[in-house]
Amino acid sequence: MNYAGLPVLTYVIHAKEYHVHEERRHGASPARRATERRWRTGPAIVAGMVALAVGSSGCATILAQHKVASHAASVQGSGNSEGGTGSAGKLWSNAANNSNNKAHPAGSLAGVGNGVMFGGSVPLVAQESALGRTLAIVRVYDLLGQPFENRAMDSFMSHGSTILASLDTYPGMPTFSDIAAGHHDATITSYLESMNQSAIRYRLPAIYFTFEHEANTPAHHTGLGTPAQFIQAWDHIHQIAENHHLLWSQGGRIHFVLILTHFFYNNGKAIEYWPGTSQVDIISADGYNTGGCRVARKQNRPFTFGVTPPESPASLFTGVVQFAAAHGGLPVFIAEWGSVPYRDNSVRVNWIQQMQSFVAAHPSIHAALYWDSQVPPCNYILDNSPTSLAALGSMAHSSLMQGKPT
């Protein structure tokens with residue numbers, strides 16, 4: 001498959017994502033993060049250009065993809081409880097009177113029809129030929145101030161993929177209070193309008209937005225503000241979208257997705273970061289079967305294969321399903337999921353099959369996006385594992401995973 005003049009990204013950047021994730025979790029310095037998060041603005045960011053070889057912290061190759069992210073969150077705020085009004089309370093009260101309200105997750109709220117959307121991070125796009133299908137949804141990451149559109153984005157959307165995009169800030173950038181106070185309204189408005197117009201241009205009925213994904217990970221949120229200030233910033237951004245008629249419920253295309261790590265849904269702390277049902281359309285989690293790689297990182301030990309029993313998809317994601325059910329019966333996305341390899345290839349194959357079964361067993365899940373990347377020593381890349389890639393391809397071709405924006 002070719003994307004607008006680019007030979008399907010033979011060499012991909014397992015990069016964004018590269019440090020975004022667990023490095024954010026384990027505290028890279030602000031200076032290092034700042035460098036890594038500029039990838040999208042560099043020449044390699046345009047799809048179709050040559051992938052760059054990179055030595056940064058062990059990253060082998062990187063594709064010109066979207067960028068990176070950061071986070072923070074809150075307990076109280078204008079939309080701090082189930083059914084709270086928040087800044088868009090009037091919109092919610094109106095929506096509650098029609099058939100597409102938030103109590104009907106299978107309807108317009110999720111923006112998904114014909115099953116569950118199968119997708120993944122930008123590096124997984126390079127595996128579409130091996131998977132035998134186009135991703136229904138692609139995960140991208142932007143920093144406040146970066147534009148939404150570029151050639152890679154146009155390529156993905158022109159081939160029918162919708163987008164789940166983060167717009168994030170991080171230490172040294174604008175704080176949550178800055179954002180809530182309206183100091184960056186022009187930048188945020190431009191980004192949201194560009195998202196919406198791109199969806200219209202490429203005839204995508206739905207496109208997905210999150211602010212500060214994984215807001216509950218503190219290491220990369222130092223100085224950005226409290227959980228309550230995160231919620232205030234979220235509410236303010238949602239209000240901007242409403243003011244400009246960009247929300248799906250107003251005839252726009254944008255759905256707001258709250259993304260936290262799975263830990264906080266499982267330990268009961270997700271409520272601290274909850275903007276309220278008036279501000280969130282979809283509840284989402286990121287979660288991984290790490291196989292002991294994080295412990296190895298903390299202890300500076302080498303790690304290649306999983307050494308601990310796999311954490312089942314149910315142990316990772318039951319919490320988010322239950323949280324969504326308890327807060328308006330909202331739809332669920334699994335925004336990032338993956339597993340490290342094991343010496344016995346069948347272990348990860350079985351785990352992917354378990355993930356397929358878990359999604360099938362929970363009708364509230366409307367999208368599942370595999371994170372085909374790594375943060376050494378945690379490596380979730382499937383590209384060099386024919387058996388794991390085949391298992392993911394089988395999942396991708398199941399009747400369950402034929403969802404698309406609607």
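In this predicted model, helix α8 passes helix α9 in a right-handed crossing. Helix α8 covers residues 185-201, and its axis comes within 10 Å of the axis of α9, crossing at roughly 55°. Because of that angle, α8 counts as oblique to α9. On the α8 side, the contact is made by D185, I188, T189 and L192, which meet H236, I237, I240 and A241 of α9. Sorted by class, the residues of this contact are five nonpolar, two polar and one charged.

Helix α13 (residues 345-361) packs with helix α14 (residues 386-397) at an angle of about 15°, and the two axes are 8 Å apart. An angle under 35 degrees counts as roughly parallel, so α13 is roughly parallel to α14. The crossing of these two helices is right-handed. From α13, the residues in contact are N345, R348, V349, I352, M355, Q356 and V359, and from α14 they are T387, S388, A391, L392, S394 and M395. Seven of the residues in the contact of α13 with α14 are nonpolar, five are polar and one is charged.

Which residues does I163 touch? Leaving aside residues up to four places away in sequence, they are I137, V138, V140, F148, M153, F156, M157, I207 and Y208.

Definitions and conventions:
Residues numbered from 1 in each chain as written. Predicted model: local features only at pLDDT ≥ 70, side-chain atom pairs only at ≥ 80, totals over all residues. Heavy atoms only, no water. Axes fitted to C-alpha atoms, helices over the stretch in contact; angles between N-to-C directions. Helix = DSSP H or I, 4+ residues; strand = E, 2+ residues; numbered from the N terminus. Parallel < 35°, antiparallel > 145°, perpendicular 65-115°, else oblique. Left-handed = near helix turned anticlockwise from the far one by under 90°. Contact = heavy atoms within 4.5 Å. Nonpolar A, V, L, I, M, F, W, Y, C, P; charged D, E, K, R; others polar.
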